[in-house]
Amino acid sequence: MSESAAMEERYRRALRAYPAGWRARHGEEFLGVLLDVAAGEGRGKPTRPELLQLALHGTVARVNQVLPSRSRDRMAAIGAISGTALALVMMVLGEVGRWFRWNSYNLVDNPFGAFTTPAAIVFILTVAAFGARAAGRRTTAIVLQLASVAASIALTVFLGVTDPPIPVHPLVFAVFGVTGLLTLSGDPIRTPVLRKVVLIGAPVLGVFLTLTSYLQGGGAQRTFWGGPYLINDQRLAWWALELVVLAALLAAAGPKVRPWACLVLIPLTSLPLSGMFLGLGGNTAIGLIGIQPGVFYVTCSVVGVVSAWAAWKRPVLSFAGRGTTPA
Amino acid sequence: MREPTFLILTALARGRHHGYSLLTETKKLSGGRVSLKPGSLYTTLDRIQEEGLVEDAGEEVVAGRLRRYYALTDNGADALKREADRMEAAADAARQSLRVRTNGALA
């Protein structure tokens with residue numbers, strides 16, 4: 001076999017990383033490009049980085065077959081918003097809360113330096129990844145997000161083996177692992193609309209949840225980590241995980257399935273939402289305002305039906321421009 | 001819009017290209033700074049074709065190798081123009097700030 005035939009054979013084998021349908025459509029032209037590039041560089045065989053790149057992009061092409069990039073970008077946006085918002089909430093209530101909340105942990109409780117628990121590492125990395133993305137540093141954001149996921153896994157193991165004085169429920173790290181991986185699955189700010197939704201939505205949601213959770217906790221820090229009260233790390237993480245999974249499934253739904261996804265998934269969000277806001281009410285001892293679960297059940301069901309209709313009919317809304325005279 | 005996408009659309013705005021000529025053209029347009037690999041090029045081409053910015057524009061066989069050509073669509077031209085306008089506005093703002101800085105230093 002001649003050298004060029006051997007090189008072609010090696011490239012053909014490497015291209016098996018791509019799905020069969022993609023190879024049928026692009027395989028021959030792509031092979032031609034690879035051979036042209038090798039000829040231009042005076043090479044007689046593929047390089048290892050080149051083969052690794054082909055394996056990586058082939059995997060991406062396989063994922064794109066199942067989940068197109070638009071769906072993945074929407075899922076990434078959900079991961080970025082929820083992860084960043086939750087990190088802000090837990091930093092304020094759980095980590096730095098001991099500096100301004102009553103009934104806080106103090107030095108005899110062995111807090112984590114200026115913070116309260118090692119989970120602060122995950123929260124800081126998540127918020128830093130968001131900041132890097134907002135500043136347009138895509139590679140830095142990806143690295144920080146990966147570090148956040150790795151830290152979540154490492155701390156789950158480490159804190160599970162040791163017996164920390166202030167416990168952090170493993171579900172907290174599970175949520176940040178899931179949201180981190182979702183964020184990495186696409187580009188959460190690829191389009192101008194996604195960019196606005198993520199960069200505004202994450203801090204706004206974080207501030208809103210922090211304020212409502214602060215009210216529910218009565219301002220005490222000691223109720224947050226492993227406390228038996230309404231809002232603690234475990235419950236907040238569980239509700240966040242439910243909402244993230246439901247939202248991600250909705251984002252991943254293709255056009256044909258979307259009406260059904262809206263009809264089923266949106267009403268289901270009423271369960272974690274009602275739990276999250278239940279503590280805002282009914283406690284006459286601390287005199288907070290009540291939001292009954294029924295409000296969420298009805299509202300989410302109505303929104304689900306309307307969204308399903310909109311996804312099915314896809315109405316086009318048009319408004320008269322400034323130059324036109326209304327009828 | 002990421003730089004590789006911008007460069008690919010800019011190259012196609014001048015006329016149709018096949019894969020290898022897109023690699024060389026984008027490298028030339030970036031002054032050698034951006035050197036796309038074939039895998040990255042085709043991942044981007046897949047995406048921008050899906051978004052309707054680029055379309056197939058014929059194929060031919062040259063020296064036993066298939067070459068498929070790609071061309072910019074009207075949507076692609078609009079997207080490129082929007083991005084170019086955005087970058088121009090950002091560059092103008094930067095130049096204005098630098099002028100203020102220089103004038104402030106001279107004052």
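This is a predicted model: local features need pLDDT of at least 70, side-chain atom pairs count only at pLDDT 80 or more; totals for chains, interfaces and linings use all residues.
Side chains of opposite charge can pair when their charged atoms come close. Over all chains, a search of the whole structure finds 19 salt bridges.

Four salt bridges are counted between chain B and chain A. A salt bridge also joins the side chains of A:Asp36 and B:Arg65, with an N to O distance of 2.5 Å. The contact between the chains involves 20 residues of chain B and 23 residues of chain A. About 2000 Å² of area is buried between chain B and chain A, and carbon and sulfur atoms give 50% of this area. On the side of chain B, the residues that lose the most area to chain A are B:Arg2, B:Tyr42 and B:Arg65, which together account for 28% of what that side buries.

Two of these residues, B:Tyr42 and B:Arg65, return in the lining of the largest cavity, as does A:Asp36. What else lines the largest cavity? From chain A come A:Glu29, A:Gly32 and A:Val33, and from chain B come B:His18, B:Gly19, B:Tyr20, B:Leu66, B:Arg67 and B:Arg68. The elements that each supply at least two residues of this lining are H2 of chain A, together with helix H2 (19–29) and strand S3 (65–72) of chain B. By class, the lining of the largest cavity divides into four nonpolar, three polar and five charged residues. The space in the largest cavity is about 60 Å³.

Rolling a probe the size of a water molecule over the atoms shows where empty space is left. The count comes to three cavities of 30 Å³ or more. About 50 Å³ of space lies in the second largest cavity, whose lining consists of A:Ala80, A:Thr84, A:Thr126, A:Ala129, A:Phe130, A:Arg133, A:Gln145 and A:Thr183. H4 and helix H5 (119–134) of chain A each give at least two residues to the lining of the second largest cavity, and H5(A) gives the most, with four residues. The lining of the second largest cavity has three nonpolar, four polar and one charged residues.

The volume of the largest pocket is about 1400 Å³. Of the 36 residues that line the largest pocket, A:Ile189, A:Arg190, A:Thr191, B:Met1 and B:Arg2 lie nearest its centre. Two or more residues of this lining come from each of helix H4 (69–95), helix H6 (138–161) and helix H8 (192–216) of chain A, and from each of helix H1 (3–13) and helix H4 (74–106) of chain B. H4(B) provides the largest share, six residues. In the lining of the largest pocket there are 12 nonpolar, seven polar and 17 charged residues.

The second largest pocket holds about 1100 Å³ of space. It is lined by 34 residues, and those closest to its centre are A:His57, A:Val60, A:Asn64, A:Arg72 and B:Thr43. In chain A, helix H2 (20–40), helix H3 (48–66), H4, H6 and helix H7 (170–184) give two or more residues each to the lining of the second largest pocket, as do H1 and helix H3 (38–50) in chain B. H3(A) makes the largest contribution to this lining, with eight residues. The classes in the lining of the second largest pocket are 11 nonpolar, 13 polar and 10 charged residues.

Notes. Residues are numbered from 1 along each chain as its sequence is written. Chains are lettered from A and ligands numbered from 1 in the order in which they are written. Side-chain values use heavy atoms; hydrogens and water are left out. On a 1 Å grid over the protein atoms alone, a cavity is a set of points where a 1.4 Å probe fits but cannot get out, and a pocket is an open set with protein on both sides within 12 Å along at least five of seven lines; lining residues have an atom within 4 Å of a point. Grid points are joined across faces, edges and corners, and a volume is the space filled by probe spheres set on the points. Ala, Val, Leu, Ile, Met, Phe, Trp, Tyr, Cys and Pro count as nonpolar, Asp, Glu, Lys and Arg as charged, and the others, Gly among them, as polar. Contact means heavy atoms within 4.5 Å. Buried area is the accessible area (1.4 Å probe) that two parts lose on being put together, summed over both.
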